[in-house]
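Visitor: I would like to learn how to read backbone and side-chain features in a model. Could you take me through some cases?

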Amino acid sequence: MTQIDDSLTRADELHFTRPVPKSAGAQMRFLVKQLKSTREAARLLGISQRTVERYVKDQIKQPKPALATRLESEVRRRWQPLVRKRARDRAASTTGLVIETRARFGFTAAPGTTDDGRMRRITQHLPPEYAARLFSAQAAGAAEARLQQIAAEALQEMYFKDNGSRAQGLLVEFTDIDYVDFAF
């Protein structure tokens, strides 16, 4: 499950200035234009080149559910890359991002403190440094565990340690994620 990766992608989509194409034909035309050939679109979607051509000409209007899901996700992934990049650059350099999550947080701290994890709902603004780290790790194809580790470190520093002003030596575990949402 790729909750953090998916949530960052959903946050990107909030910045789109035009709606994503809805019909199968429009989506297929966009994908063919982006990939510059019907052969590449067919290879990417796992269908025949002739089927792609038929969608482009609106000869087929209703794709099967599996194809519809693949087609929509590929179009969303490629939709408005400059708008997406501009929003990410702004978040990574000036505004930062907001994380809202409900997850289990466990602690390792000084003797005498509890390390039992418990479910918490946290909404926290993260500075641009953590946004930049999350975006660069996602762009590099980092595993979900690495993205989760960066988010845990960010919450540890900003929420639990109050930006270094308390709880020195506290280490936070971020597990059993119920949901996570980002906004920037």
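**Reading loops and a helix**

Guide: At 72% relative accessibility, Lys 36 counts as exposed, because the label applies over 50%, while buried means under 20% relative accessible area and partly exposed lies in between (1.4 Å probe, protein chains only). This is a predicted model, in which local features need pLDDT of at least 70, side-chain atom pairs count only at pLDDT 80 or more, and totals for chains, interfaces and linings use all residues. Residues are numbered from 1 along each chain as its sequence is written, and side-chain values use heavy atoms, with hydrogens and water left out.

Visitor: What is the phi of Lys 36, and where is Lys 36 placed?

Guide: Most residues other than glycine have a negative phi. Lys 36, although not a glycine, has a positive phi of about 70°, and it sits in the loop between helix H2 (24-35) and helix H3 (38-45), where helices are DSSP runs (H or I, at least four residues) numbered from the N terminus.

Visitor: Which loop holds Asp 58?

Guide: Asp 58 lies in the loop between helix H4 (49-56) and helix H5 (65-78); this non-glycine residue has a positive phi of about 60°, and with a relative accessible area of 32% it is partly exposed.

Visitor: Is Arg 78 buried or exposed?

Guide: Arg 78, in helix H5, is buried, with a relative accessible area of 18%. Contact means heavy atoms within 4.5 Å, and, not counting residues up to four places away in sequence, Arg 78 touches Phe 30, Leu 31, Gln 34, Leu 35 and Leu 44.

Methods: Helix = DSSP H or I, 4+ residues; strand = E, 2+ residues; numbered from the N terminus.
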